Amino acid sequence: MASKKNSKNEVDNASNTSRRDFIKKSGLLTALALSPPSLIIASENKWDEKIAEYLETVPLTIEVNGKKHNLNVEPRTTLLDLLREQLQLTGTKKGCDHGQCGACTVHVNGTRILSCLSLASMQQNAQVTTIEGLSKGKKLHPMQEAFIKNDGFQCGYCTPGQIMSGIACIKEGHANSREEISEYMSGNICRCGAYHNIVDAITEVKEGGMLS
């Protein structure tokens, strides 16, 4: 008796499974039949994903190192990530990513800023200069030459930010003494401790009148 009961249960379970599969497949076929052809085509071409991506971004026009870019960026994208990940300008370094080390310093409309703390979407029509935009072909910027001459770097990771800040320091009028330079360069950390040589480089450029 138990064997017959088990057999009956197995048959019932198999019947229920088949019935559920049939309902699922029927429902799917009905949904496809009722879907507009344009919707199916859009799904196949992943247009739905592209539309979603477009709706989640904002348009941005920005000039970087003299080149104009028309982009779509996510509102939360930082200027640092835009430069490094979308424009492939990796000279600007990501150090602490909290605005404490200065490795990501760039110039925006002539003013030095920490690009890790600035949203790219806030730089509409801005003119941005990165370390890649300083040299003219193979001719280095005077500050770059001074850093090489005075051994203003060791590992080199902080150097792009140091150079960008050094240029700004002079243009801001904060390079009138070694003490003043040190104070206004304090936001740029050199973990190798090349501070003395960095000040030497900035002093040389300042005293030589190498910046217009």
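Author: Let's start with a rule: two strands pair if DSSP finds at least two bridges between them. Strands (E, at least two residues) and helices (H or I, at least four) are DSSP runs, numbered from the N terminus. This is a predicted model, where local features need pLDDT of at least 70, side-chain atom pairs count only at pLDDT 80 or more, and totals for chains, interfaces and linings use all residues. Residues are numbered from 1 along each chain as its sequence is written, and side-chain values use heavy atoms, leaving out hydrogens and water.

Now the hairpin. Strand E1 (residues 58–64) runs antiparallel to strand E2 (residues 67–73), and seven bridges join the pair. One of the links is between Ile-62 and His-69, its bridge partner in E2. Two residues sit between the strands, and Asn-65 has a positive phi near 55° in this hairpin.

On to the inside. A nonpolar core is a set of buried Ala, Val, Leu, Ile, Met, Phe, Trp, Tyr and Cys residues joined through side-chain atoms within 4.5 Å; buried means under 20% relative accessible area, exposed over 50%, partly exposed in between (1.4 Å probe, protein chains only). The largest core here has 22 residues, and Met-143 and Ile-163 are among those with the most contacts inside it. Helices H5 (142–149), H6 (159–171) and H8 (195–207) each give it two or more residues. Apart from it lies another core, of 15 residues, including Leu-79 and Leu-82.

Helix H6 also holds Gln-162, which is buried, at 1% relative accessible area. The side chain of Gln-162 reaches the backbone oxygen of Asn-188 at 3.3 Å.

Methods
A polar contact is a pair of N or O atoms within 3.5 Å; within protein, one must be able to donate a hydrogen and the other to accept it, and residues adjacent in sequence count only if both atoms are side-chain atoms.
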